[in-house]
Amino acid sequence: MTRHLTLPRPDDWHLHLRDGAMLAAVCPETTRDFARAIIMPNLVPPVVTGAQAAAYRDRILAACPPGHDFTPLMTLYLTEETDPADVLRAHAEGIITAVKLYPAGATTNSASGVTDFDRVRGVLDAMAEAGIPLCVHGEVTDSEVDIFDREAVFIERVLDPIRRATPGLRVVLEHVTTRDGVDYVRANDDGLAATITVHHLVINRNHILAGGIRPHYYCLPVAKRETHRLALREAASSGDSRFFLGTDSAPHADDAKESACGCAGCFTATNAMSILAHVFEEENALDRLEGFVSRHGPAFYRLPVNEGTITLEKGDTAAGWPDRIDTDAGPVTVFDPGFDVFWRVAEGA
Ligand code: OTD
Ligand code: ZN
Ligand code: ZN
């Protein structure tokens with residue numbers, strides 16, 4: 001039985017680090033294990049210009065503990081007012097790695113997102129030309145569409161038309177949660193990939209709702225029924241380079257989640273690698289974890305694989321992690337997979 005697994009240092013291709021007190025507290029939880037992360041721009045107000053992205057990057061680097069070697073890969077929040085020239089300049093200067101598309105109102109802090117997709121066509125054309133990836137929150141926001149169908153409907157009504165209208169645009173379908181999404185990625189070869197979270201590999205919708213409502217399992221896109229979770233596990237552990245890790249670790253203070261109208265988001269930065277090792281071992285795919293966390297993402301983003309390594313170790317006792325992280329914005333509960341995990345990160349180099 002494998003007890004040690006050494007991998008190139010992994011990257012997180014979808015992460016929320018927030019700002020201020022929350023950033024200070026959660027940043028080390030990611031930088032301990034991960035070398036790079038695609039940083040989501042949904043601050044309040046959102047990161048919409050190259051100058052704002054550069055300033056946010058500097059705040060993240062200042063929050064990085066000394067000795068942690070971490071590169072934040074910044075994104076811009078696409079709005080109907082985004083200036084293509086600013087996007088191209090920020091990319092050429094190495095300030096941003098990608099642009100993020102949120103349909104207006106789709107998730108936490110997405111009010112400034114796009115309503116009329118024709119109004120961002122100029123930006124998308126410029127991005128296609130320059131090879132800048134578009135990261136997409138793939139859910140429609142139409143209140144008449146059932147929340148469990150919003151990803152599949154988005155693919156049909158929005159994503160596929162955007163890709164057809166913008167040949168060459170490189171797209172990441174973020175946090176894919178359905179078999180429909182997996183199948184769509186598999187059926188389209190060029191310039192399309194998907195990130196998969198840790199929590200969507202672990203929970204289905206029963207975990208949120210059966211036997212009591214569990215706010216710490218509520219996120220967007222919401223976890224779907226079991227067949228979809230199994231499709232995600234299969235895709236993540238298949239070795240297909242179009243699927244890679246994006247934790248979507250999204251911290252909220254506990255009082256904002258444990259509320260009559262709780263915020264969406266699961267905080268997995270602390271235990272992501274331990275849980276992934278457990279999941280891949282269950283799938284008899286420990287040898288494919290390296291592709292999912294360390295190789296497929298850099299290949300899509302045209303970046304080198306990290307030079308340092310991380311070693312995962314399987315112990316005889318359950319790996320411990322704190323139930324919650326203390327922050328000056330209040331405690332943040334760490335995602336509980338609901339089973340014992342024996343893998344831990346032994347060392348990084
Ligand atoms: N989903 N929560 C958040 C973002 C994500 O859609 C997402 O990327 C957040 O809190 O920023 C969530 O549930
Ligand atoms: Zn999203
Ligand atoms: Zn997210």
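Modeller: In this predicted model, 4.0 Å separate the zinc ion (ligand 3) from the zinc ion (ligand 2). The protein donors of the zinc ion (ligand 3) are His14 and His16, each through NE2, together with Asp248 through OD, and they lie 2.0 Å from the metal. Along the chain these donors follow the spacing H-x1-H-x231-D. Both histidines, His14 and His16, are buried. The site of the zinc ion (ligand 3) has four donor atoms, and because the angles among them run from 92 to 121°, inside the limits of 85 and 135 degrees, the geometry counts as tetrahedral. For four tetrahedral donors the ideal angle is 109.5 degrees.

As for the fold, an open sheet of eight strands is paired in parallel in the order 2-3-4-5-6-7-8-9. Strand 2 (11–15) and strand 9 (243–245) stand at the edges with a single partner strand each, so one side of each has no neighbour in the sheet. On average, neighbouring strands of this sheet are turned by 30° against each other, direction ignored. Helix 2 (residues 50–63) packs on the sheet, where it touches strand 3 (36–39), strand 4 (71–77) and strand 5, and the direction of helix 2 makes about 150° with that of strand 4. Strand 5 (residues 96–101) in turn runs parallel to strand 6 (residues 134–136) and is joined to it by three bridges, with Val99 standing opposite Leu134 in strand 6.

How values were computed
Residues are numbered from 1 along each chain as its sequence is written. Chains are lettered from A and ligands numbered from 1 in the order in which they are written. This is a predicted model: local features need pLDDT of at least 70, side-chain atom pairs count only at pLDDT 80 or more; totals for chains, interfaces and linings use all residues. Side-chain values use heavy atoms; hydrogens and water are left out. Two strands pair if DSSP finds at least two bridges between them. Helices (H or I, at least four residues) and strands (E, at least two) are DSSP runs, numbered from the N terminus. Axes are lines fitted to C-alpha atoms, for helices over the stretch in contact, and angles run from 0 to 180 degrees between N-to-C directions. Contact means heavy atoms within 4.5 Å. Donors are N, O and S atoms within 2.8 Å of the metal (3.2 Å for Na, K and Ca); water is not among the atoms, so sites may look incomplete. Four donors count as tetrahedral if all angles lie between 85 and 135 degrees; four count as square planar and six as octahedral if opposite donors are over 155 degrees apart and all others between 65 and 115; anything else is irregular. Buried means under 20% relative accessible area, exposed over 50%, partly exposed in between (1.4 Å probe, protein chains only).
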